[in-house]
Amino acid sequence: MGKSTEPVKIKIKIDEEPEALASTLEMSEAIRTAPKNTNTYMPLSAGIESTAALIYAVKDPLMQPFCVHWYEPRYGLFADAMAFYTRKQAEYFGLPYGNDKSMLTMLPEMKDVPIIVSGLSAFMSVVIGQPGGFKLRYFMMGANAEDDMRMKLQFREYRKICATYLSDSLDGSGVKLENIREVPQIMNPLDFLTKAEMYALIIRECPDMLDLVWTCFNPQGTLKDNGKITGYIPCGVCYKCQELKQAKKTAADAVYRLQEGEKYFSRILQDMD
């Protein structure tokens with residue numbers, strides 16, 4: 001994904017896990033009760049890109065998603081907020097949900113480990129282990145036209161590792177076709193859209209999901225009802241909050257608004273308040 005020159009300030013926490021995280025028992029039940037034709041590994045972060053990708057997968061008749069979230073405890077409330085909203089998104093569509101987490105990044109003097117490493121190692125384990133006996137065909141990737149291309153290129157190597165292992169081959173020259181078919185294809189059907197255009201897509205296709213989008217790096221606290229968390233409070237000033245604000249403004253200025261009338265534009269104005 002695109003990088004900012006602004007340093008990211010994240011509050012580290014080492015305490016109890018958030019209630020939004022699925023337990024091993026809950027994930028086992030989700031796998032047991034998931035549709036037998038489950039074929040799509042659907043990583044969620046609750047950001048604009050993964051939300052748009054989720055809507056696409058839900059509406060694609062060839063895809064049956066299993067939603068997953070890569071939880072990073074070192075991100076503190078930011079991690080908790082993503083876990084909360086990704087689970088809410090899965091529940092909205094009635095989809096099975098699970099999460100993977102690693103505590104290694106919490107160790108003293110541990111260097112930064114990008115999520116693509118910890119997350120995709122979990123993905124490879126799912127490909128090799130095939131929980132529930134699912135035959136995964138697709139890996140849905142959420143990335144926009146302005147994102148860093150390195151992530152898309154790096155996916156090739158992860159698929160190759162899985163294919164060579166399944167083929168019991170030391171390199172690609174011995175990979176078997178039947179084993180290649182066991183490794184999900186990387187799907188990025190919305191990669192030609194900008195973040196603002198994806199935001200507009202969400203408004204038109206599933207506006208309810210706007211209430212379940214989360215991007216803020218530095219949550220200022222939680223919203224509660226009778227002691228139960230019902231949401232998180234964005235800071236409004238970090239670069240991700242500013243990025244989202246700019247995406248909303250760009251969407252508000254779009255040609256589509258002029259073509260289709262007031263309702264589209266009024267929803268963006270309401271959401272910008």
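Visitor: What makes Ala46 and Gln89 contacts of Thr51?

Guide: Contact means heavy atoms within 4.5 Å. Leaving out residues up to four places away in sequence, Thr51 touches Ala46, Gln89, Ile202, Met209 and Val213. This is a predicted model, where local features need pLDDT of at least 70, side-chain atom pairs count only at pLDDT 80 or more, and totals for chains, interfaces and linings use all residues. Residues are numbered from 1 along each chain as its sequence is written, and side-chain values use heavy atoms, with hydrogens and water left out.

Visitor: Why is Thr51 called buried?

Guide: Its relative accessible area is 0%, and buried means under 20% (exposed is over 50%, partly exposed in between; 1.4 Å probe, protein chains only). Therefore Thr51 counts as buried.

Visitor: What makes the pairing of Thr51 and Gln89 a polar contact?

Guide: Their side chains are joined at 2.9 Å. A polar contact is a pair of N or O atoms within 3.5 Å; within protein, one must be able to donate a hydrogen and the other to accept it, and residues adjacent in sequence count only if both atoms are side-chain atoms.

Visitor: Where does Thr51 sit, and what makes that stretch a helix?

Guide: Thr51 is in H2, residues 48–59. Helices are DSSP runs of H or I with at least four residues, strands are runs of E with at least two, and both are numbered from the N terminus.

Visitor: How do you know whether H2 is parallel, perpendicular or oblique to H7?

Guide: H2 packs against H7 (residues 195–205) at about 45 degrees, with the axes 9 Å apart. That angle makes H2 oblique to H7: under 35 degrees is roughly parallel, over 145 roughly antiparallel, 65 to 115 roughly perpendicular, and the rest oblique. Axes are lines fitted to C-alpha atoms, for helices over the stretch in contact, with angles from 0 to 180 degrees between N-to-C directions. Among the residues that meet are Thr51 and Ile55 in H2, and Met198 and Ile202 in H7.

Visitor: Why is Met63 called buried?

Guide: Met63 has 6% relative accessibility, so it falls in the buried class. Met63 lies in the loop between H2 and strand E2 (65–71). Beyond four places in sequence, its contacts include Tyr56, Tyr138 and Met187. Asn39 is another contact, 24 residues away in sequence but 6.3 Å away in space, C-alpha to C-alpha.

Visitor: And what makes Ser167 buried?

Guide: A relative accessible area of 4% puts Ser167 in that class, too. Ser167 sits in the loop between H5 (150–166) and H6 (177–180). A polar atom of its side chain lies 2.9 Å from the backbone oxygen of Ala163, and the side chain reaches the backbone nitrogen of Lys176 at 3.0 Å.
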